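User: Can you walk me through how to read a couple of features in this one? I'd like the general idea, then the case at hand.

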Amino acid sequence: MNEGLVVLVRSIISFFTLLIFAKILGKQQISQLAFFDYVLGITIGSIAASLASDLSSRAWPHWVALLTWAALGYLMEFITMKWRYSAKYIEGEPTIVIMNGKIMEDALRKMQFRVSDIMQLLRNKDVFDLSQVDFAIIEPNGQLSVLRKPEYEPLTAKDMKITKKPSGISTELIYDGILIEENLRQLNKNKKWLMDQLKSKGIKDVSEVFLATLNPAGSFYVDKYEDHIKKVIDIGDYKGPY
């Protein structure tokens, strides 16, 4: 068989095998990569690549290896869900790196983190002043959780004793110029109501709209294909090098 065709068939097999395994192992592989998940993902990806392109060996040993690693990954997830101690050992524990406003140097040294790393993670949390931080914790997936000092916490409606109505989740009514009638019915609205809303914004037809949403509080959002923005702001760097 032609080598290109063999690679094509192997790639299809490895692609759908990975797709199935990723579904079985869950979304944690994507959004909450702990150290073990990171190693597991790299290894499975490497084996899948070998399955697709290594023509010097037969495909089935690679596929068995892929199956074995995925099964072991699933087994580890099952064990960590069942026994908390094993989860603490395999996935690690949260570590306090700032306590009562004081940097825990020993904890940083043990985790091989620099102060500059913590400062960067704090900036990602919109914290630019260390004196505002009461507690900071490195989570097992490497993310930083921050508790500001009470005087620097943003005011909430509860603090101001203001009653706010829940806004709920916005529902798409028009997407890419197509009316989603099922969503319109779920919100107890009809097409006439929608067209009245569009006409009030100078829109004559659904095909002019890229996206329209409505939330349970009644907030209606419309984005047209033609934005009529005269000057687009470029937030990128300069066009160089010069």
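**A nonpolar patch and a sheet**

Analyst: Start with the surface: Leu5, Leu8, Val9, Ile12, Ile13, Phe15, Phe16, Leu19, Trp60, Trp63, Val64 and Leu67 make a nonpolar patch of about 1100 Å². This is a predicted model, where local features need pLDDT of at least 70, side-chain atom pairs count only at pLDDT 80 or more, and totals for chains, interfaces and linings use all residues. Numbering runs from 1 along each chain as its sequence is written, and side-chain values use heavy atoms, without hydrogens and water.

User: Which helix gives the largest share of the nonpolar patch?

Analyst: Helices are DSSP runs of H or I, at least four residues, and strands are runs of E, at least two, numbered from the N terminus. Here α1 leads with 8 residues; α1 (3-25) and α4 (59-82) each supply at least two.

User: Is phenylalanine 16 buried, partly exposed or exposed?

Analyst: Buried means under 20% relative accessible area, exposed over 50%, partly exposed in between (1.4 Å probe, protein chains only). Phenylalanine 16, found in helix α1, has 45%, so it's partly exposed.

User: In what order do the strands of the sheet run?

Analyst: Two strands pair if DSSP finds at least two bridges between them. Here 4 strands form an open, antiparallel sheet, ordered β2-β1-β3-β4. β2 (102-103) and β4 (144-148) are the edge strands, each pairing on one side only.

User: What joins β1 and β2?

Analyst: β1 (residues 95-99) and β2 pair antiparallel over 2 bridges; isoleucine 98 has isoleucine 103 in β2 as its bridge partner.

How values were computed: Patch = residues over 30% accessible without salt bridge, like charges linked within 9 Å, V, L, I, M, F, W, Y side chains within 5 Å. Areas by Shrake-Rupley, 256 points an atom, 1.4 Å probe, with all protein chains shown as cover. Salt bridge = Lys/Arg side-chain N within 4 Å of Asp/Glu carboxyl O.
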